[in-house]
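Trainee: I have a model open on my screen and would like to learn how to read it. Could you take me through some features one by one?

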Amino acid sequence: KFTPRVFSGVQPSGGLTLGNYLGAVRRFVAMQDEFPETLYCMVDLHAITVWQDPAELRLRTRQLAAFYIAAGLNPEKAILFNQSAVPEHAQLAWVFNCVARIGWMNRMTQFKDKAGKNAEKASLGLYAYPSLMAADILIYHATHVPVGDDQKQHVELTRDIAAKFNHDYGVDFFPMTDPVIEGEATRVMSLRDGTKKMSKSDPSDASRINMSDDADTIAKKIRKAKTDPEPLPSELEGLKDRPEARNLVNIYAALSNRTAEDVIAEMGGKQFGEFKPLLADLAVEILSPITGEMNRLMDDVSEIDRVLGRGALRARAIAEPVLKQTYEIVGF
Ligand code: ADP
Ligand code: NA
């Protein structure tokens, strides 16, 4: 009943990291050739759930678009656009706010992580974020959502909202969307602490590789990455209680399109003094051309603005009839 369609998004809220690339955007690129229709969004409505300086937000939104294109998204194929340019996202989110239950929101671990200890002071938008995310996906009847492992709970909630809507109104209108979470880098960890996710919001810049880092910075961060004194094991099993070592092996595997097992088969027995420079060279080889192309695109943003303008029109052509039908079902 539902034609295969892909939706995903990234927040234009901070510097972009290797985690965003390996966990999300690289998969976006692969899927544009595997699916008839793909939509990739700069989720600026999500970004303002925490304070954003307006000029910064505008800049970062374009930088994210430049990242998408530089990483290999083809705007002739994939639909690239800003979330706020398609008002149907927010309109459907309101309907979903009235479908989702407060108890469901209370179970979302990301809200707890992001709100921290002082949850009373968090914005209402941050709390309702998963309901807007469900609208982002379902306004396109998207069937597949490529995300990092950290977003799995939100995609499950999207299915819960779709199911309750369908049930309450006695329709089969919204699809059960599948999260697409696979590969060696569904969770890229911090370079300073193998138990924490690599994130743009980590106060330590040394904890992450930014898409804006130059070759020397990348090499230095990898050289200084926290590890243990043991060499790499000869079997994957040997990485079990070594999260930092495991993370570097996963990153190497993801960057070289291989499994962690393959990497260990080749690299087992090497000291980090030998492995880290190999990893740094590989990271620079993959990331530098993307960074270079991002910089070129940012020199004249008119090309980006044109792409996003056209993307918003294409996205609205899908979203408008879905919202109209939703309103009819609801009784508006
Ligand atoms: P962040 O999690 O840094 O705030 P977003 O929420 O905008 O960024 O995430 C954008 C996409 O990047 C999501 O699909 C998310 O799962 C993915 N992602 C972010 N950080 C990582 C990471 N460290 N490892 C794997 N994927 C990640
Ligand atoms: Na995230």
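Mentor: Gladly! Helices (H or I, at least four residues) and strands (E, at least two) are DSSP runs, numbered from the N terminus. This is a predicted model, in which local features need pLDDT of at least 70, side-chain atom pairs count only at pLDDT 80 or more, and totals for chains, interfaces and linings use all residues. Residues are numbered from 1 along each chain as its sequence is written, while chains are lettered from A and ligands numbered from 1 in the order in which they are written.

Trainee: How much helix and strand is there over residues 12-20?

Mentor: That stretch is 33% helix and 0% strand, with its end C-alpha atoms 11 Å apart. An unreviewed UniProt entry places the short sequence motif "'HIGH' region" at residues 12-20; such positions are given in the numbering used here, feature names are shortened, and annotations may be inferred rather than shown by experiment.

Trainee: Which residues come nearest to ligand 1?

Mentor: A residue is near a molecule if its C-beta atom, placed from the backbone, lies within 6 Å of it. There are 17 residues around ligand 1, and Q11, G19, G23, A24 and G148 come nearest. Helix α1 (residues 18-34) gives the largest share of that shell, four residues.

Trainee: And how do I read a core?

Mentor: In soluble globular proteins, nonpolar side chains tend to be buried together. A residue is buried if 20 or more other C-beta atoms, placed from the backbone, lie within 10 Å of its own, exposed if 12 or fewer, and partly exposed in between. A nonpolar core is a set of buried Ala, Val, Leu, Ile, Met, Phe, Trp, Tyr and Cys residues joined through C-beta atoms within 7 Å. Here the largest one has 92 residues, and A65, F67, Y68, L80 and F96 touch the most other members. Helix α12 (residues 272-299) supplies the largest share of this core, nine residues.

Trainee: Why does P229 count as exposed?

Mentor: Because P229 has 6 C-beta neighbours inside 10 Å. P229 is found in the loop between α9 (215-223) and α10 (243-255).

Trainee: Where are the domains, and how many residues are in contact?

Mentor: Domain bounds come from an automatic or database domain assignment, which gives domain 1 (6-181 + 301-330) and domain 2 (205-295). Contact requires C-beta atoms, placed from the backbone, within 7 Å. Eleven residues of domain 1 are in contact with nine of domain 2, and α3 gives the most to the domain 1 side, with five residues.

Notes
Two residues are in contact if their C-beta atoms, placed from the backbone, lie within 7 Å.
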